[in-house]
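Hi,

Here is the structure I said I'd pass on.

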Amino acid sequence: MERAFVNRTEAGRLLAEKLAKYSNRNDVVVLGLPRGGVPVAYEVAKLLNAPLDVFIVRKLGVPGFEELAAGAIASGGVRVLNEDVMRAIPYATEAIEAVTAKETAELQRREQIYREGRPAPELREKIVILVDDGLATGATMRAAVKALRQQGAAKIVVAVPVGPPDTCQEIAHQADETICLSTPPFFQAVGQYYEDFSQTSDDDVRELLTRAAQEISREKSSNQQ
């Protein structure tokens with residue numbers, strides 16, 4: 001597929017077609033990486049009739065060299081460290097503890113905003129479909145996969161509309177299943193593969209999660225009648 005996606009909604013529907021074997025199962029959870037991954041994940045969850053939630057990853061930047069990642073933290077209190085970078089930083093442990101505390105506070109703030117009091121989903125022994133609107137370097141997705149392994153997910157499926165071939169290949173070695181709909185050889189940025197790549201706001205994320213929770217709740221009550 002070489003044409004651009006109309007928007008994240010269309011990208012999500014096309015991804016869901018490739019994930020049809022996971023529909024109507026009670027051991028599947030769809031997680032969107034906020035913010036841009038959530039509208040894509042919403043369409044996937046809706047078409048698979050699966051619960052939707054967010055999986056937040058925060059990079060742990062080296063103090064003074066914030067672009068250099070010493071690791072990442074993710075939803076569920078998981079921390080993944082890059083040992084090579086840690087060995088190269090003076091006073092690494094103290095520095096990263098301080099950054100971890102700051103990023104943990106931000107992660108918890110976002111989870112609170114997005115979930116509005118709903119509990120985080122149980123991921124142990126679940127098939128987790130991890131969705132973003134595209135991959136660039138894949139650093140965030142790699143951290144998310146590692147964190148989900150630590151949380152005991154039974155199977156991790158990474159599903160994205162677009163990404164460079166080498167990044168998609170690298171993720172495929174780490175996840176149990178990887179779906180990249182489009183892998184253009186001259187990839188520059190995720191946004192160039194969307195006609196509409198407008199920013200997703202915190203309010204958009206919150207609204208989609210609320211809507212998804214209501215849809216699942218309606219589905220359950222109609223099944224019980």
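**What turned up**

Bear in mind that this is a predicted model. I started with a helix pair: α5 (residues 139–150) packs with α6 (residues 165–174) at an angle of about 5°, and their axes are 10 Å apart. Angles under 35 degrees count as roughly parallel, so α5 and α6 fall in the roughly parallel class. On the α5 side the contact involves Met141, Arg142, Val145 and Arg149, which meet Glu170, Ile171 and Gln174 in α6. Sorted by class, the residues of that contact come out as 3 nonpolar, 1 polar and 3 charged.

Next, the largest pocket. Its volume is about 620 Å³, and 23 residues line it. Nearest its centre you'll find Lys59, Ala72, Ala139, Thr140 and Ala143. Helix α5 turns up again here: along with β3 (57–62), β4 (65–74), β5 (78–81) and α4 (92–115), α5 supplies at least two residues of the lining. The lining splits into 12 nonpolar, 3 polar and 8 charged residues.

Last, the charged pairs. Side chains of opposite charge can pair when their charged atoms come close. Searching the whole structure gives 19 salt bridges. One of them joins Arg13 and Glu43, with 3.2 Å between the closest N and O atoms. That pair ties together distant parts of the chain: Arg13 sits in helix α1 (residues 8–18) and Glu43 in helix α2 (residues 37–48), 30 residues apart.

Cheers

Terms used. Residues are numbered from 1 along each chain as its sequence is written. This is a predicted model: local features need pLDDT of at least 70, side-chain atom pairs count only at pLDDT 80 or more; totals for chains, interfaces and linings use all residues. Side-chain values use heavy atoms; hydrogens and water are left out. Axes are lines fitted to C-alpha atoms, for helices over the stretch in contact, and angles run from 0 to 180 degrees between N-to-C directions. Helices (H or I, at least four residues) and strands (E, at least two) are DSSP runs, numbered from the N terminus. Angles under 35 degrees count as roughly parallel, over 145 as roughly antiparallel, 65 to 115 as roughly perpendicular and the rest as oblique. Contact means heavy atoms within 4.5 Å. Ala, Val, Leu, Ile, Met, Phe, Trp, Tyr, Cys and Pro count as nonpolar, Asp, Glu, Lys and Arg as charged, and the others, Gly among them, as polar. On a 1 Å grid over the protein atoms alone, a cavity is a set of points where a 1.4 Å probe fits but cannot get out, and a pocket is an open set with protein on both sides within 12 Å along at least five of seven lines; lining residues have an atom within 4 Å of a point. Grid points are joined across faces, edges and corners, and a volume is the space filled by probe spheres set on the points. A salt bridge is a side-chain nitrogen of Lys or Arg within 4 Å of a carboxyl oxygen of Asp or Glu.
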